Amino acid sequence: MSDIQEQIQRRIDTLVDTGAESGVQVAVYQHGALIVDAVAGTADPATGRPVTSGTPIFGFSTAKNVTATLAHMLVARGFLDYDSLITDLWPEFGLRGKATATLRHVLTHTVGLPAMPREITPDQLPDWHRVCESLAAAEPRWRPGAATGYHSYTFGYLVGELARRATGQPMHELLREWITVPLGIEGQLYFAAPKEALPRFAHLEQQAQQWPPDSDDAEAILTPWERRPSADFGNNSEILRADIPSVGIATAHGLAAMYNGVLQGKLVDSARLAELSALAFGGVDQIFGSPVRMALGFPLGRIGAPAEENSVAFGWPGGGGSYAYADPVRGVAFALTKTRLVPTFDTALSVTTLLADYLSGTR
């Protein structure tokens, strides 16, 4: 057992033993080698089934890491271009001021559709065509490219509909054919999971008292279900079996292996990798009011990284506390998945700081 494997294993064991977490997975690759594959806790408190490194966990927006990676692969394989108009493939999308929108706008969350049209509810998310028809008819909140704001659920449908029209295949098929099969990680990353896989999945839990009350602000851009993760949502078999590529199911090992594939040139070439870690749009996020630096498809900078690090790591956290990122400078692919949904990223910050200290030689 390596030193960093041992350190991270002790950390997550302590988090589970103290009741801070119920089930955790951490996986880390460095320069192509798996240096951490640690697990702790239970996948299902009702049965006591333990978490293993092969236990899939619903991780909310950590799935955007997969969707954004597939978007770059679509460009690399000639199906799409970053600056081609969305309407070239999806003519109906040009309604109500969206005719200038491009894939680049989608990837930088600047297309202007951060929220689902109000007629779309969680129960309707599995109806792909209905959701996409509503997005095509929607009016953007700003001119495409003029501002950025987190596209919570819309992001996956926008990328996914372009992918479907360009290739004729839904996102779950592209994920399997382009990523999980070639990398040997079948059963570790899912959109639209098959019914027979569901018994292997972890059961999410959520302690209501940990979360601030929902705002009644009628002017809020995102509805409560779009901005707050729900264990009921992530445990719902209809949701788990639906193609909703802004959210998804993953093991930490699967996410880290995907990002290792990116860094090792197995999924994208070196020129494309430079696009993944280059600043593409900066500004104030119109949803959260905080400064944001966006690469194409990903926020830039590791969670908790000091400013002097000038981090060019890229990757998405997931509501409830999961996190995955790739750091091309350090050759690191990292992922943390967990079964207990909390409103902070304290566990991810704790583990990534431990890893950063180890890599810098301070531990």
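Buried means under 20% relative accessible area, exposed over 50%, and partly exposed in between (1.4 Å probe, protein chains only). The model is predicted: local features need pLDDT of at least 70, side-chain atom pairs count only at pLDDT 80 or more, and totals for chains, interfaces and linings use all residues. Residues are numbered from 1 along each chain as its sequence is written, and side-chain values use heavy atoms, with hydrogens and water left out.

**View 1. E205 and R340 form a salt bridge.** A salt bridge is a side-chain nitrogen of Lys or Arg within 4 Å of a carboxyl oxygen of Asp or Glu. Here the N to O distance is 2.7 Å. E205 sits in strand 6 (residues 205-206) and R340 in strand 13 (residues 340-341), so the pair ties together parts 135 residues apart in sequence. Helices (H or I, at least four residues) and strands (E, at least two) are DSSP runs, numbered from the N terminus. R340 is buried, at 10% relative accessible area.

**View 2. E139 pairs with R96 in a salt bridge.** The closest N and O atoms are 3.0 Å apart. E139 belongs to the loop between helix 4 (128-137) and helix 5 (154-167), R96 to the loop between helix 2 (63-76) and helix 3 (103-107). The two residues are 43 residues apart. R96 is exposed, with a relative accessible area of 51%.

**View 3. E186 and R176 make a salt bridge.** Their closest N and O atoms lie 3.1 Å apart. E186 is in the loop between helix 6 (171-183) and strand 5 (189-190), R176 in helix 6, so the bridge ties together parts 10 residues apart in sequence. E186 is partly exposed, at 47% relative accessible area. R176 is partly exposed, also with a value of 47%.

**View 4. The second largest pocket has a volume of about 200 Å³.** On a 1 Å grid over the protein atoms alone, a pocket is an open set of points where a 1.4 Å probe fits, with protein on both sides within 12 Å along at least five of seven lines; lining residues have an atom within 4 Å of a point. Grid points are joined across faces, edges and corners, and a volume is the space filled by probe spheres set on the points. Of the 13 lining residues, H172, R176, L189, Y190 and P194 lie nearest the centre. Helix 6 gives the most to this lining, with six residues.

**View 5. The largest pocket holds about 1100 Å³ of space.** Its lining has 46 residues, with Y150, F288, P317, G319 and F345 nearest the centre.
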